[in-house]
Structures are given as C-alpha cells and as structure tokens.
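This report goes through selected local features of one model. The structure is shown first, and the notes follow.

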Amino acid sequence: MASSACAEVGVRLEYGNPGDAAEQAVREELIASGVMKTGVAFINDHFKLAEPLVITLGGDDGPLFDGESPSIMIPYTFVDEVRHRFEQADYDKTGVMPEQATDDALLHTLFHEFAHALIYMYQLPILGKEEDAADALATVLLIEFFDDGQEIALSAADLFDLESDDRDVLKDEDFWDEHSLDDQRYFTTLCHVYGSAPNKYVAIVKEGLLGEERAELCIEEYAAISRSWLMLLEPYIKANETESSASRGGERP
Ligand SMILES: [Zn+2]
C-alpha cells in the first residue's frame, strides 16, 4: 500500500535525560533490549489514534497516562525497581531471566497505560473499574497479538505478586485505591492467561495457583473480556494488519 502523503497520527517514543548513573544504565538497557520500541511499533502498526501520543521514559512520576499532553510517562527508576524485584525473587528459577521478565512487565505496563489513553481519546464506555479494564486490555493485547503473549502476561502477573509482598497488613487506603489489590491483579491476570488457553496452562490449576471452580469461570471470563475489548476497539484497529507482531523468544519450561 502506498504511504499517505500527510503524516500519520501515532505514538512517538522519547528517552528523557537520565538523572544519574543508575538511570543512565536503565536507559541504555532499554534501548539495547528494544522492548519499548517493540511496544510502540505494535501500537503504530495496529491502532488509529485520534491525536499524537508521546511515550516518555524518565522523570519522577508514573507509570501514568497524562491526558493533558497526551503522554505516557514511565520513570527509569520504575524500570530499575521492577528489575530489582525480579532479581531479589531469584526469578531465573522460573526459567525466565530477570531482564526478560522486566521487559515483559514493561510491555504490560505500557499497554495498561495505552488503555487509559484509548479510553480518554475515544471516550470509551467503561462499566466498572477503569484500572481493571486497563489491566485486562494489556493482557488481551499480549495474548491476542503476540506469539508468546501468555508468557509475557505471566511475568506481569508475577510482578503484581511480588508487589503484594510490600504490605503485611491491608489498610482502608488499600481498599479505596482506584486499583484492585496487587494480589487481585495477580490472580486476575493468571485467570485470563489460563482462560485463554486452559489446556496449555493446566499447570496453573494443578499447582493450585487458582482453584478449580474459579479457573473454570476464567474460560468464559477471558472470552467475554477479549471479545468486549476487541469489539469496542474495532473502529480504531487498522485493517489488514498481520496477526502476530512480535516474539520475545521462548517459554518458561
Ligand atoms: Zn492505570
């Protein structure tokens, strides 16, 4: 297809100036791994945007979506913190290196923020907690469009599990937060991975990570949530795109 003469509205990636040596190291790692580039290329290949969107790495706030600009901000310190969590948890025991898991979780984070951007740009109806809807879209995009999307989503789920360890005692503010509890975000993401491919991920039930009754419902739940999101986004998804866009290489054993 001939490229259009006028510039297409899309996403632009900006690596902000690092604040110190640690941030500089993260910046270099991100550029080398190409994970942000993969995410941005995916969005530009598959989505029509109403207005340009900037994704900025660096700064102190985030990850967040800011409707004013509009932009998605992901601090280098967040990336560093995520990698530390996977390292501290000896994540390589799962067969996935902490660097890979960090990239996986970042892709999920990017798509979560992108969900907020789509909701804002197109005033999409959200029937329930927007944060849950954003988590679900991130998981759906990974599973439906990436060769090993379930594996990427599992790393993201495990990050929620690790983050849940920050709190011994839950307080009122944890319950009134706009996000579901980290434990809930963990189990819901697991549920959607299982629901998308119950035969392949039967171990999730066998190992008792999800109860059998709940897991059974996850099959319907994933079907409903992926169908709903893709139906809602249909007018904004570019036609004739190739289905699978990226592969991150390998599954956990
Ligand atoms: Zn959010």
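## Aromatic cluster

In this predicted model, one aromatic cluster is formed by Phe42, Phe47, Phe111, Phe114, Phe145 and Phe146. Ten aromatic pairs are found in a search of the whole structure. Phe42 and Phe146 make up a tilted pair, with 5.1 Å centre to centre and 45 degrees between the planes. This pair links distant parts of the chain, 104 residues apart: Phe42 belongs to helix H2 (residues 35-46), while Phe146 sits in the loop between helix H5 (130-145) and helix H6 (149-164). Phe42 and Phe146 are both buried.

His112 and His116 are four residues apart in helix H4 (residues 98-122), so about one helical turn separates them. Both histidines, His112 and His116, are buried.

Ser71 is part of strand E4 (residues 71-74). Ser71 has a relative accessible area of 5% and is therefore buried, the cut-off being under 20%. The side chains of Ser71 and Ser69 are joined by a polar contact of 3.1 Å. Leaving aside residues up to four places away in sequence, Ser71 touches Leu53, Val54, Leu64, Phe65 and Asp66.

Terms used:
Residues are numbered from 1 along each chain as its sequence is written. This is a predicted model: local features need pLDDT of at least 70, side-chain atom pairs count only at pLDDT 80 or more; totals for chains, interfaces and linings use all residues. Side-chain values use heavy atoms; hydrogens and water are left out. Helices (H or I, at least four residues) and strands (E, at least two) are DSSP runs, numbered from the N terminus. Buried means under 20% relative accessible area, exposed over 50%, partly exposed in between (1.4 Å probe, protein chains only). A polar contact is a pair of N or O atoms within 3.5 Å; within protein, one must be able to donate a hydrogen and the other to accept it, and residues adjacent in sequence count only if both atoms are side-chain atoms. Contact means heavy atoms within 4.5 Å. Rings of Phe, Tyr and Trp (its six-membered ring) pair if their centres lie within 6.5 Å; planes under 30 degrees apart count as stacked, over 60 as edge-to-face and the rest as tilted.
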